[in-house]
Amino acid sequence: MVKNLTSSHWGPGIVSVNDGRIVDVAAHPDDPSGSAINGNIAGSLNGRARILRPAIRKGWLEGDPGTPRGERGRDVFVEVSWDEALDRLAVEIERVRNVYGNEAIFAGSYGWASAGRFHHAQSQLKRFLNTVGGFVRSEGNYSYQAALVLMPHIVMNYREQVAQATRWPVIAQHADLVVMFGGVAPRNMQVSDGGLSRHRGYDNLRACANAGVRFVNLSPLRSDGMPELNAEWLSPQPGSDTAVMMGLAHTLLAEGLHDRAFLDRYTVGFDRFAAYLTGETDGTPKNADWAEQKSGIAANRIRDLARRMAGGRTMIATAAGLQRADYGEQPLWMTVTLAAMLGQIGLPGGGYTVGYGVNGNIGNMERLFAWGSFPQGRNPVDDFIPVAMTSEMLLNPGGGYRFDGSERIFPDIRMVWWAGGNPFHHHQDLNRLRAAFQKPETIIVNEMNWTATARHADIVLPVAAPQERLDFGGGKSDNGLIPMPALVPPPGEARSEYETFAELAARLGTRAAFTEGKSTEDWLRAMWAVTRRNGADTGVELPDWDAFISGDLIQVPDPSPEQVFLADFRADPDANPLPTPSGRIEIYSETIAGFGLDDCPGHATWRAPRDVADGLADAYPLYLISGQPGTRLHSQLDNGAYSRSMKIEGREPVLVHPDDAAARDIVDGDVVELFNARGRCLAGARVTDDVAKGCVFLWTGAWYDPDFDAEHHRDRHGNPNVLTHDLRTSSLAQGPAAHSALVQMRRFDEPVPEVTVFDPPTFVAKGDR
Ligand SMILES: Nc1nc2c(c(=O)[nH]1)N[C@H]1C(S)=C(S)[C@@H](COP(=O)(O)OP(=O)(O)OC[C@H]3O[C@@H](n4cnc5c(=O)[nH]c(N)nc54)[C@H](O)[C@@H]3O)O[C@H]1N2
Ligand SMILES: Nc1nc2c(c(=O)[nH]1)N[C@H]1C(S)=C(S)[C@@H](COP(=O)(O)OP(=O)(O)OC[C@H]3O[C@@H](n4cnc5c(=O)[nH]c(N)nc54)[C@H](O)[C@@H]3O)O[C@H]1N2
Ligand SMILES: [Mo]
């Protein structure tokens with residue numbers, strides 16, 4: 001009998017409790033590849049950085065309303081009672097609404113928060129704000145913003161694409177070759193939004209290799225391909241995949257290996273693209289020799305790969321990471337274009353997928369029916385910003401910008417509220433974000449831990465962790481329902497967001513609208529009733545709430561184990577047209593061409609990454625890649641044992657090629673400094689030929705720990721976003737472009753400073769200095 005279940009985005013866990021405290025969390029015994037990230041939970045929830053009481057920044061307390069004093073991020077905090085925090089917050093919300101209106105409140109609050117259907121931080125925050133007049137939201141995500149905006153123009157909604165991705169078992173049976181741009185990173189398959197009941201992807205990928213499918217991994221990191229795949233490893237210069245794909249496409253065209261019949265029947269605009277590919281329009285043929293110059297991959301290998309791709313059943317698997325880069329729309333459009341030229345879209349095991357590695361369920365599992373959810377209500381404010389424009393918005397109120405063809409104006413934000421995200425991990429150019437975070441009159445952060453974001457707030461509200469509150473888990477693309485009983489009490493005065501918002505709503509006269517008179521358990525029983533009814537409608541019988549919450553996790557059937565992406569469209573494109581203007585795949589898009597954007601014209605186009613085009617490579621010769629960390633989810637629980645076990649002298653590891661290390665007198669285990677004109681950070685050198693020469697790979701998510709006495713406010717810990725730029729993919733999608741940054745690196749010979757961010761900030765009594 002499985003007891004003490006919990007659920008995280010990285011899978012189900014079994015919690016060991018001693019004396020009212022979590023001492024360990026192990027993976028579920030039935031999970032064939034349970035995640036070691038569970039090993040962070042106990043240490044972080046019991047850690048020194050846990051927020052135990054509401055706290056208010058001293059300079060905010062001392063200033064007049066609307067004119068806070070001091071500098072966010074440097075200031076000290078005063079711990080206060082819940083009543084004082086909520087009384088002051090209610091008055092401040094009223095003031096901001098009366099003086100500026102709800103359009104001055106930004107609660108985009110992007111972030112992963114925690115698994116659990118009810119205690120989802122953003123849903124709680126947004127429902128509360130919707131009862132008091134609404135807020136400016138953000139649209140899209142940091143994961144695949146370019147795909148979200150581009151794909152509907154050229155194929156279809158991106159989220160539906162991944163939900164319909166060809167399944168790996170189909171690939172095992174039918175494919176000869178999988179060409180992975182950016183790999184299918186096994187470390188990333190630990191995670192899926194809202195959780196996953198089993199990690200199935202590893203066995204499914206191994207089955208492909210066992211069935212004789214060959215893999216090619218084009219990536220700066222060898223380990224983006226699972227070792228068992230025995231993938232052939234090619235490492236194009238970061239940001240040059242569009243050029244490689246064009247070299248492949250040119251070879252197909254020049255050698256007559258493209259599928260003209262497919263292009264005629266299922267696509268529009270190939271001839272306009274072909275005129276660019278051959279150089280007819282700009283004098284530059286994008287052939288394999290040209291692609292070699294851009295990418296560093298030998299022309300003969302590109303030609304050979306093109307022939308192999310045309311010679312059998314080929315799946316092109318492009319990682320979402322490729323589009324988190326300058327002009328990130330282009331490798332996507334080129335993936336679709338190349339797959340269309342091969343003519344295998346809609347065939348089992350052929351075609352393309354963007355984002356197999358983006359979570360553990362894509363290509364492995366889908367949800368059969370919708371789980372019950374906590375309703376957010378209606379937002380009376382309809383203004384929004386594209387998700388990665390936070391700094392831009394705060395620094396340029398009233399400024400204009402382009403997004404998906406429209407012209408938009410930034411709102412004038414006075415209050416910022418974050419619950420369930422960590423912008424001082426996730427956003428690019430953190431020095432710029434620090435400047436932007438000085439602008440608002442009030443910043444509120446709900447958190448479990450004293451992250452850098454909490455330290456940059458004025459009012460900080462402590463939150464109970466998933467294992468400290470009653471809930472149930474159900475992943476967005478998963479088949480599992482997971483009981484999440486409250487196993488330990490929250491420490492200090494931390495409490496659930498539902499309790500916090502209910503009390504705040506009471507002060508603002510909207511308690512009844514927020515709670516509808518229900519307790520947490522009432523809501524959960526109602527959400528479970530919806531889940532049960534939706535199950536019954538699809539022939540799945542679920543137990544009642546009491547039986548469920550005291551039992552083991554439940555798995556419901558896979559709705560589509562044999563799924564092949566776009567099989568229906570291929571079978572009959574007239575009966576099943578795509579939702580594009582032409583009903584076909586748009587290799588050339590009149591719509592996008594009509595937007596008149598220099599940085600995203602009407603067909604896939606080569607653009608060099610900005611730092612490279614700007615000539616920064618002499619001063620900063622190394623490409624910085626900052627992918628997702630294997631030892632945690634983003635920045636979550638970074639002070640837990642598993643995450644800390646991989647650090648080097650307490651710093652985040654940076655992967656360095658032996659030649660690049662030797663050229664700088666760096667050996668494995670050294671503390672190094674990474675820097676460019678935007679910022680600098682320390683990290684621990686991990687010397688390995690797993691990473692391509694000329695690239696350094698620094699995992700994202702180390703809690704930002706600025707040293708205000710050092711140049712550029714050097715981060716002591718190793719957060720790559722002090723080095724990334726805050727320019728976005730293009731004015732089409734305005735997606736984050738974190739993977740395009742050049743840096744320099746040196747051995748750090750000065751005394752190595754202590755990492756301070758795992759300790760709480762300084763607290764003072766009111767009136768103290
Ligand atoms: N350089 C670089 N930067 C990147 C990326 C990259 O590849 N390179 N990747 C980007 C991507 S794809 C993403 S998705 C983002 C992720 O960015 P985020 O989603 O912001 O990262 P997380 O660390 O998951 O932040 C979640 C925060 O919510 C808190 N939290 C958890 N549960 C709760 C809760 O119940 N209530 C409250 N109030 N808080 C809670 C956690 O403690 C944590 O601090 O990062 C982006 N940033
Ligand atoms: N353990 C763990 N798993 C996670 C997450 C996590 O934080 N931790 N985060 C989850 C989230 S929110 C997301 S969005 C997904 C992200 O999933 P992905 O987008 O697939 O992940 P990334 O790690 O950003 O990028 C994948 C790989 O692309 C490669 N790459 C980067 N730039 C280039 C390039 O220019 N060319 C080529 N060919 N390759 C390049 C890098 O080597 C990198 O390892 O992962 C999810 N899974
Ligand atoms: Mo993401």
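In which loop does Glu-649 lie? Glu-649 belongs to the loop between α26 (641–645) and β25 (653–656); this residue is taken up again below.

## Basis of the description

This is a predicted model, in which local features need pLDDT of at least 70, side-chain atom pairs count only at pLDDT 80 or more, and totals for chains, interfaces and linings use all residues. Residues are numbered from 1 along each chain as its sequence is written, chains are lettered from A and ligands numbered from 1 in the order in which they are written, and side-chain values use heavy atoms, with hydrogens and water left out.

Helices (H or I, at least four residues) and strands (E, at least two) are DSSP runs, numbered from the N terminus. Two strands are said to pair if DSSP finds at least two bridges between them.

## The sheet β1-β2-β3

Three strands form an open sheet in the order β1-β2-β3, and their pairing is antiparallel. The edges are taken by β1 (5–8) and β3 (21–27); each has a single partner strand, so one side of each is left without a neighbour in the sheet. On average, neighbouring strands of this sheet are turned by 40° against each other, direction ignored (axes are lines fitted to C-alpha atoms, for helices over the stretch in contact, and angles run from 0 to 180 degrees between N-to-C directions).

Four bridges link β1 to strand β2 (residues 11–18) in the antiparallel sense. Ser-7 has Pro-12 in β2 as its bridge partner.

Strand β9 (residues 214–218) is largely enclosed by the rest of the structure, because four of its five residues are buried. Buried means under 20% relative accessible area, exposed over 50%, and partly exposed in between (1.4 Å probe, protein chains only).

Strand β8 (residues 177–181) pairs with β9 in the parallel sense over five bridges, and Phe-181 stands opposite Leu-218 in β9. Together with helix α8 (residues 201–210), β8 and β9 make a right-handed β-α-β unit; right-handed means that, with the strands pointing away from the viewer, the path from the first strand over the helix to the second runs clockwise. Strand β10 (residues 232–234) runs parallel to β9 and is joined to it by three bridges. In β10, Leu-234 is the bridge partner of Leu-218.

## Two residues with positive phi

Most residues other than glycine have a negative phi. Leu-566, although not a glycine, has a positive phi of about 65°. Leu-566 is found in the loop between β22 (554–555) and α23 (567–571), and is buried, with a relative accessible area of 7%.

Glu-649 is likewise not a glycine, yet has a positive phi of about 45°. Glu-649 is exposed, with a relative accessible area of 54%.
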